[in-house]
Amino acid sequence: MRCIMPTVTYVDFEGESTQQELAEGMTLMQGAVMNGVEGIEGECSGSCACATCHCYVDDAWLSTLPEMSENEDEMLDDTASERKPNSRLSCQIKASADLDGIVIHMPEEQE
Amino acid sequence: MSGVVIVGGGHAGYQSADSLRRSGYEGRVTLVDGEGHLPYQRPPLSKSHLLESAGEDALLFRSQSYFKDHNIDLKLGIRVNAIHRDSKQVELDNGETLIYEQLVLATGAKLRQLDVPGSKLDGVGYIKSLDDIRYIQNHLNSVEEVVIIGGGFIALEFASTAVKLGKKVVVLVRGKKLMANAVSPELSDYMLDIHHQHGVDIRFGAEVDHISGDANANVEAVRLKDGTLLPAQLVLAGIGVEADTELAVTAKLLCHDGIIVDGQCRTSDPDIFAAGDSAKYDNPFVGTEIRLESVQNAVDQAKVIAQVIAGQEAEYHSVPWFWSDQYDIKMQMVGIHHGFTHFYQRGSMEDDKFSLLFYRDEQLISIHSINRPGDHMAGRKLITAGISPTREQAEDAGFKLNTLLKK
């Protein structure tokens, strides 16, 4: 059986998009910083402690996402760019077969 | 060809390199690190790493190609033997010499080693590097009982990890409190309760006499000075670190328990900078010279250095913040609470959701939060701006502290 790596599309603030294949279990934040995708920082190594990996998840994928923790919800109140209904911290979303093809948009700034 | 040479590939070293390129610096950037791994992040080592499936790649700051694409020359598994300030050169242990225009010392900290008899037995480990955690990982599967020496963040984060992996855990603390220096007695007592709830056996005032092993030199037990014998197949020592100032001291840079730097993170030599765990500086939010062992400090100092080298105005004056994850508890600390005159509590300890706001006279100096990240994030901005909530605002858990910022 062939193992398919989930693909994530990162769209930067100017609208430029890049696609990356992520190992399952890797977070969307890790996938961005590992591959040099600009616009996501992840200063706290994915501990949900810094809010510098803020992203806007494409509406089509919102219902597929794992539920947000109370901590993430509170952190999102203090992001550098405006919080929207589709705001999430990309360190709290792991690449998986269910999320293969997900599209996330980067905010203007992270800090 | 000269340029910037960075010594150390931890948070401060990696960030210096990355920020130099982001600041538009076009000269040569060389990062030298003794460990032989691509630069990686240490915070998860004691926290999530052993519990997650994502593996070691998830620890990396960047992939190998990122460094190549950004023209950052990595010299991994290579140590710096000496700095020659007069000729502005560093001498590497592979015989090579690098010339620098600016040198960044991100040498970090050195583990404090156990020195009781039996410290070298197989099954005695530490957590600081990737190699340390591989060692722990190799032992952990076959282990039932773990003894942890130390009561700081690393020790307690590992206790929480070991409990989650089904181990029986004893924690030995020399003093009377957990995390005695980093958090207030109230928070320390609360966390003690949490560890007790998870079945961790914590012994205060415990002094290790020796560690004993079996015929194959594998750890078998820890003997305390009072005669207590604690069976263990793994002993983790989390007894702190010391600033790694060796290169700086030998090069006669001003040092005392850290490399002394100014507001631009410059050492006593204007062409040599220092950042991270090894750098000591006068922090306006603390009111004294301090050395911080935290990600925030390493990252923010590195950014300042990169800007200064790239010819931009920059000064380091960030409010310190740090965090710890133990079980499902997120501890977030902002500011340094030492020297507080009083504190107010918001939220309740019974709900595992509260913050302690520390004041020096009328001034808010620090907030310690348990599962209340909103208070923490607001705290960073409030303390930076010098805004102090009133007692009423502080104690009203429903009042959003960040509304004080919106003018």
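The model is predicted, so local features need pLDDT of at least 70 and side-chain atom pairs count only at pLDDT 80 or more, while totals for chains, interfaces and linings use all residues. Residues are numbered from 1 along each chain as its sequence is written, and chains are lettered from A and ligands numbered from 1 in the order in which they are written.

Trainee: How many helices and strands are there in chain B?

Mentor: Helices (H or I, at least four residues) and strands (E, at least two) are DSSP runs, numbered from the N terminus. Counted in this way, chain B has 10 helices and 26 strands.

Trainee: What is the radius of gyration of chain B, and what does the globule rule give?

Mentor: The radius is taken over C-alpha atoms, and the globule rule is 2.2 Å times the number of residues to the power 0.38. For 407 residues the rule gives 22 Å, and chain B is close to this value, so it is as compact as a globular protein of that length. The radius of gyration of chain B is 22 Å.

Trainee: Which elements of chain A give two or more residues to the side that touches chain B?

Mentor: Two residues are in contact if their C-beta atoms, placed from the backbone, lie within 7 Å. With that cut-off, 19 residues of chain A are in contact with 26 residues of chain B. The elements of chain A that give two or more residues to this side are α1 (28-34) and α2 (70-75).

Trainee: Why is strand β26 of chain B said to be largely enclosed, and which strand joins it through seven bridges?

Mentor: Seven of the eight residues of β26 (residues 363-370) of chain B are buried, so the strand is largely enclosed by the rest of the structure. Two strands pair if DSSP finds at least two bridges between them, and β23 (residues 329-334) of chain B pairs with β26(B) in the antiparallel sense over four bridges. Within that pairing, B:M333 stands opposite B:H368. The strand joined to β26(B) by seven bridges, also antiparallel, is β25 (residues 353-360) of chain B.

Trainee: Which strands stand at the edges of the open sheet of five strands in chain B?

Mentor: The order of this sheet is β9-β16-β10-β11-β12, with parallel pairing. Four bridges join β11 (residues 168-173) to β12(B), and B:V173 has B:F204 as its bridge partner there. The edge strands, each pairing on one side only, are β9 (124-125) and β12 (201-204) of chain B.

How values were computed. A residue is buried if 20 or more other C-beta atoms lie within 10 Å of its own, exposed if 12 or fewer, and partly exposed in between; C-beta atoms are placed from the backbone.
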